[in-house]
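Grab your viewer and work through these exercises one at a time. Try each task yourself before reading the solution under it.

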Amino acid sequence: MKAKSKKLTNLLLTILQTYAREIGCDTCFEHLDRYVEMTLAGKDASAVMPLVYRHLQTCPACREEYEALLKVLKRS
Ligand SMILES: [Zn+2]
């Protein structure tokens, strides 16, 4: 049991460390459609995917992609 919880702690640490890192355009793009879908569903996508949100704030290229996707999905 103890060994198991240590494993879990390590796993959580790995996730947190990964999460603390900035994401790149590739990763942003991977999550972008889900992000847009959530936004259109009225959910707080920035709270669920803060790294995507952060990337969109700092990357004009992905921001443009996001807005284009938003427009397309809004229409359908
Ligand atoms: Zn980008």
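**Exercise 1: Placing a valine**

V48 sits in helix α3, which covers residues 45–48. Keep in mind that the model is a predicted one.

Task: work out whether V48 is buried, partly exposed or exposed, and how far its C-alpha lies from that of Y35.

Solution. 
- Step 1: the relative accessible area of V48 comes out at 44%.
- Step 2: the class between the two cut-offs, 20% and 50%, is partly exposed, so V48 is partly exposed at 44%.
- Step 3: going from V48 to Y35 takes 13 residues in sequence, and the C-alpha to C-alpha distance is 8.7 Å.

**Exercise 2: The overall layout**

Task: list the elements of the protein in order from the N terminus and find what share of its residues is buried.

Solution. 
- Step 1: count the elements, and you get five helices and zero strands.
- Step 2: read them off from the N terminus, which gives α-α-α-α-α.
- Step 3: of the 76 residues in the protein, 21% are buried.
- Step 4: now take contacts between residues at least 6 apart in sequence; 63% of these join residues at least 24 apart.

**Exercise 3: The zinc site**

Task: find which atoms coordinate the zinc ion, then name the geometry of the site.

Solution. 
- Step 1: pick out the donors, namely SG of C25, NE2 of H55, SG of C59 and SG of C62, at 2.0 to 2.4 Å from the zinc ion.
- Step 2: write their spacing along the chain as C-x29-H-x3-C-x2-C.
- Step 3: check the angles among the four donor atoms, which run from 104 to 114°. Four donors are called tetrahedral if all angles lie between 85 and 135 degrees, so the zinc site is tetrahedral.
- Step 4: H55 has a relative accessible area of 10% and C59 has 11%. Buried means under 20%, so H55 is buried, and C59 is buried too.

**Exercise 4: An aromatic pair**

Task: how many aromatic pairs does a search of the whole structure find, and is the pairing of Y35 and Y66 stacked or edge-to-face?

Solution. 
- Step 1: the search turns up one pair.
- Step 2: the ring centres of Y35 and Y66 are 5.6 Å apart, with the planes at 70°. Planes over 60 degrees apart count as edge-to-face, so that is the label for this pair.
- Step 3: Y35 belongs to helix α2 (residues 25–40) and Y66 to helix α5 (residues 60–75), so the pair links distant parts of the chain, 31 residues apart.
- Step 4: check burial, where Y35 is buried at 4% relative accessible area and Y66 is buried at 10%.

**Exercise 5: How α2 meets α5**

Task: describe the packing of α2 and α5, then follow L70 into the contact.

Solution. 
- Step 1: the axes of α2 and α5 are 10 Å apart, at an angle of about 35°.
- Step 2: the crossing is right-handed.
- Step 3: the α2 side of the contact includes C25, F29, L32 and Y35, while the α5 side includes C62, Y66, L69 and L70.
- Step 4: zoom in on L70, which lies in α5 and is buried, with a relative accessible area of 15%.
- Step 5: leaving out residues up to four places away in sequence, L70 touches V36, T39 and L40.
- Step 6: finish with E37, whose C-alpha is 8.1 Å from that of L70, although the two are 33 residues apart along the chain.

Notes
Residues are numbered from 1 along each chain as its sequence is written. This is a predicted model: local features need pLDDT of at least 70, side-chain atom pairs count only at pLDDT 80 or more; totals for chains, interfaces and linings use all residues. Side-chain values use heavy atoms; hydrogens and water are left out. Donors are N, O and S atoms within 2.8 Å of the metal (3.2 Å for Na, K and Ca); water is not among the atoms, so sites may look incomplete. Four donors count as tetrahedral if all angles lie between 85 and 135 degrees; four count as square planar and six as octahedral if opposite donors are over 155 degrees apart and all others between 65 and 115; anything else is irregular. Buried means under 20% relative accessible area, exposed over 50%, partly exposed in between (1.4 Å probe, protein chains only). Rings of Phe, Tyr and Trp (its six-membered ring) pair if their centres lie within 6.5 Å; planes under 30 degrees apart count as stacked, over 60 as edge-to-face and the rest as tilted. Helices (H or I, at least four residues) and strands (E, at least two) are DSSP runs, numbered from the N terminus. Axes are lines fitted to C-alpha atoms, for helices over the stretch in contact, and angles run from 0 to 180 degrees between N-to-C directions. A crossing is left-handed if the near helix is turned anticlockwise from the far one by less than a right angle, and right-handed if clockwise. Contact means heavy atoms within 4.5 Å.
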